[in-house]
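Here is a short tour of one model, written for someone who likes cut-offs stated plainly. Please keep the viewer open while you read.

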Amino acid sequence: MATSQLTASSISARNLASFEGLRPSNLKFGSPVGVSLVSHRSFRGLAVKAATTVAPKYTSIKPLGDRVLVKIKNVEEKTGGGILLPTSAQTKPQGGEVVAVGEGKTIGKTKVGISVQTGAEVVYSKYAGTEVEFNGSKHLILKDDDIVGILETEDVKDLKPLNDRVLIKVAEVEEKTPGGLLLTEASKEKPSIGTVIAVGPGTLDEEGNRKPLSISEGSTVLYSKYAGNDFKGKDGSEYIALRASDVIAILS
């Protein structure tokens, strides 16, 4: 699973899946009044609209319900050494600043507010939400549950997970085989084991009450191989944030 830098923190993105048998002529996209679709991209015949442009006559966007409006962090155009990156090498960011929030939702008889406030720097799930171009900047409208955590500093190890997410420091990759042979970078298998360094407040039950997670900080765990969001910390360590349900077992 590849990782990439998010300025000081880092967030990776996986390639979109291919779709066979679909042709642009078979797909029709409608646009509401005052809104146009831009950034047309194609994946093996599937027409994909990357963003929706909001006309200048609209001066604000108010998310509804449990949705949040996030101003997307700009894509890094240079490497740390100042080398310009081609567009194909620029990783789509998965973080940004919360600029507006909805009123929340009701579960049972309990009113549940949004878990983030405006101004917070957040990380969100891959491919979450609807991307819009507004006031010359790209934004994302997504559900509160799609927000992975809050970045309280520029180092991912300080990420504060939300809801049922946990932050795990991935175990070091084995450099040698059991027989003592050195492994090449290509043959090193990324482990699915790590140490939990932070946990979210838990899930909401049918009455809207928080249920604490059964996983605690400091636990060594085994997790699903293709789950979560990958990060690289300032110290070069690998981290992953995933849902507690993607943790398979606790090791001791």
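Buried means under 20% relative accessible area, exposed over 50%, and partly exposed in between (1.4 Å probe, protein chains only). By that rule, both Arg 165 and Asp 164 are buried.

Some ground rules come next. This is a predicted model, in which local features need pLDDT of at least 70 and side-chain atom pairs count only at pLDDT 80 or more, while totals for chains, interfaces and linings use all residues. Residues are numbered from 1 along each chain as its sequence is written, and side-chain values use heavy atoms, with hydrogens and water left out.

**The chain and its confidence**

The chain has 19 strands and zero helices; both kinds of element are DSSP runs numbered from the N terminus, with helices being H or I of at least four residues and strands E of at least two. Of its 252 residues, 37% count as buried. The accessible surface of the chain, from the Shrake-Rupley method with a 1.4 Å probe, comes to about 14,600 Å², and carbon and sulfur atoms hold 52% of that. Taking a contact as heavy atoms within 4.5 Å, residues 24 or more positions apart supply 61% of the contacts with a separation of 6 or more.

The predictor's confidence in each residue, pLDDT, runs from 0 to 100. The chain averages 77, and 65% of the residues score at least 70. Over residues 1–48 pLDDT stays under 50, and the model has 107 contacts beyond four places in sequence for them. Residues 87–91 also stay under 50, with seven such contacts. Where pLDDT is low, the predicted coordinates should not be read in detail.

**A sheet and a hairpin**

Two strands pair if DSSP finds at least two bridges between them.

Elsewhere, β8 (residues 130–134) and β9 (residues 137–143) pair in the antiparallel sense over five bridges. Thr 130 faces Ile 141 of β9. Two residues lie between the strands of this hairpin, where Asn 135 takes a positive phi near 55 degrees.

**A network of charges**

How many salt bridges does a search of the whole structure find? There are eight, counting a side-chain nitrogen of Lys or Arg within 4 Å of a carboxyl oxygen of Asp or Glu. Asp 145, Asp 164, Arg 165 and Arg 243 are linked in a network of them.

| Salt bridge | N to O distance |
|---|---|
| Arg 243 and Asp 145 | 2.8 Å |
| Arg 243 and Asp 164 | 2.8 Å |
| Arg 165 and Asp 164 | 3.9 Å |

Because Arg 243 lies in strand β18 (residues 238–243) and Asp 145 in the loop between β9 and β10 (147–151), their pair ties together parts that are 98 residues apart in sequence. The salt bridge of Asp 164 with Arg 243 links distant parts too: Asp 164 is in the loop between β11 (159–161) and β12 (165–170), 79 residues from Arg 243.

Arg 243 counts as partly exposed because its relative accessibility is 23%. Asp 145 is partly exposed at 33%, whereas Asp 164, at 10%, counts as buried.
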